Amino acid sequence: MRRLTRLDPLTQLKYFNFFMYGSWSMLNPYLPLYFQDAGFQSMQIGILMSVGPLISLLANPFWGYWSDRTQNPRLILIIMLICNIATSQMYFQSNQFSIVFSLMLLFYFFQTALNPISNSLTLYAIENTPYQFGTFRLWGSVGFAVMALVSSPVIAYFGIDNLGFLYGSFVVLTLFLSFGLPNQAKQGKKTTFPREDFRKLMTSGLFVCFLLLSIIINTPNRMNSIFISVYISGMGGNEVMVGWSWFIAAALEVPLFLILDKYLKLTERAMFGLMAAVCALYTVRWILMGIAVSPYHVVWIQLLHGFTFGITFYTGTQICNFLVPKSVRNTGQAIYGLCWMGISGIVSGLLGGWVYDQLGAERMYVISAVMAAVGTTGFFIIWRHFRDKSPDHESESGSASAG
């Protein structure tokens, strides 16, 4: 009975991931359609969708710092969720570009760091337990996939203009669950921020290269996320087809996380080698998207999302956890999130919006394929470096990071 009580916060963490990612399934696929319905042009949509990544440059390190400083990421998540609910309902009430832009800056300040902070909390919660990261993260993929599919007919029935109320209701449920999350504050005392560990991290050539390559490979993925709904709509598809495209994309992540939990070796050589391979698959994915001629083609090509995004997200999070000292883990994950979703999101929103308007979707996917090929080359070079190192060194590195 005592064991059941001790595991309750971990069970709560699974439900939290389900509803948090489920709420995002109502933003990523449908927000561009919402803005299009409000009368905004593609370039304006690109700018609005890049607001989140822009503000994350400030928000991610800010919330990561306070999570490490307080050693209480649960409290930080609760604060962000409360403000998220309040600000989201404000910008959904306006259709003037300048007002929406201003309100979204405020909204995303409380939204963009939810992912890295929750990831960091999960990694702390499962430390010294038999549980794996993917066991908890897959609940997020289930929530995203299920709600992307279920919400599509609801949105089609009630209208895209009611998107804000649907999103808000899910964030309220997420907030309710956040109060039962594992509490890292019980694991240690509040302390001063370890500046020396942070300095060593940010001067690590390997960590900086990893961040740069993460930006390169995720920029095309973010462009696709922003404009795939518009792409499908332009081919004659509707909200239900958009929902199916995102359901198919997220559903494969669930078994994939379980497989990675079981078989992925947490060594530099294995993880960087896998990243190189999946970047090559990204290249193929963007080529296929560029030559698609039907919305049904796009929906089926989204099957590759489970492999490409799923593997890069899982492996990238583990690489970050591997490279970052434990004392600055929240900050390290936040910086990774800043690059992974922040900088890549700014570039994808502005570049993608301009390319989509001026050159068309096909050219946008050609550029995406080229960037994925660059990412493949970079991760391959790092993999070759670790492949040529002695097994003894790799074993020692893996043991040190695990501790």
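The secondary structure of the protein chain comes to 19 helices and 0 strands, where helices (H or I, at least four residues) and strands (E, at least two) are DSSP runs numbered from the N terminus. This is a predicted model, in which local features need pLDDT of at least 70 and side-chain atom pairs count only at pLDDT 80 or more, while totals for chains, interfaces and linings use all residues. Residues are numbered from 1 along each chain as its sequence is written, and side-chain values use heavy atoms, with hydrogens and water left out.

**Overall form**

- Because a compact globule with 403 residues would have a radius of gyration near 22 Å, the 20 Å of the protein chain agrees with that form; the radius is taken over C-alpha atoms, and the globule rule is 2.2 Å times the number of residues to the power 0.38.
- Taken along the principal axes, the C-alpha atoms of the protein chain fill a box of roughly 55 × 45 × 40 Å.
- Of the 403 residues of the protein chain, 57% count as buried (buried means under 20% relative accessible area, exposed over 50%, and partly exposed in between, with a 1.4 Å probe and protein chains only).
- Among contacts in the protein chain with a separation of 6 or more, 87% are accounted for by residues 24 or more positions apart, a contact being heavy atoms within 4.5 Å.

**The nonpolar core**

- The largest nonpolar core has 120 residues, and those with the most contacts inside it are Leu31, Phe35, Met104, Phe210 and Phe379; such a core is a set of buried Ala, Val, Leu, Ile, Met, Phe, Trp, Tyr and Cys residues joined through side-chain atoms within 4.5 Å.
- Helix H11 (residues 205-234) gives the most to this core, with 13 residues.
- When residues up to four places away in sequence are not counted, Phe379 touches Phe210, Leu213, Ile217, Phe272, Met275, Ala276 and Cys279.

**Helices H16 and H17**

- Helix H16 (residues 303-323) and helix H17 (residues 329-358) pack at an angle of about 145 degrees, with their axes 9 Å apart; axes are lines fitted to C-alpha atoms, for helices over the stretch in contact, and angles run from 0 to 180 degrees between N-to-C directions.
- In this contact, Phe309, Thr312, Phe313, Gly316, Thr317, Cys320 and Asn321 in H16 meet Arg329, Gly332, Gln333, Tyr336 and Trp340 in H17.
- The residues of the contact of H16 with H17 divide into 5 nonpolar, 6 polar and 1 charged, where Ala, Val, Leu, Ile, Met, Phe, Trp, Tyr, Cys and Pro count as nonpolar, Asp, Glu, Lys and Arg as charged, and the others, Gly among them, as polar.

**Single residues**

- Asn119 lies in helix H7 (residues 114-125) and is buried, with a relative accessible area of 4%; leaving aside neighbours within four places in sequence, Asn119 is in contact with Tyr21, Phe133, Phe313 and Thr317.
- Met371, found in helix H18 (residues 361-387), counts as buried at 19% relative accessibility, and Met371 touches Ile216, Thr219 and Pro220, not counting residues up to four places away in sequence.
- Although Met371 and Pro220 are 151 residues apart in sequence, they are 7.3 Å apart in space, C-alpha to C-alpha.
- Ile287, in helix H14 (residues 268-291), is partly exposed, with a relative accessible area of 45%.
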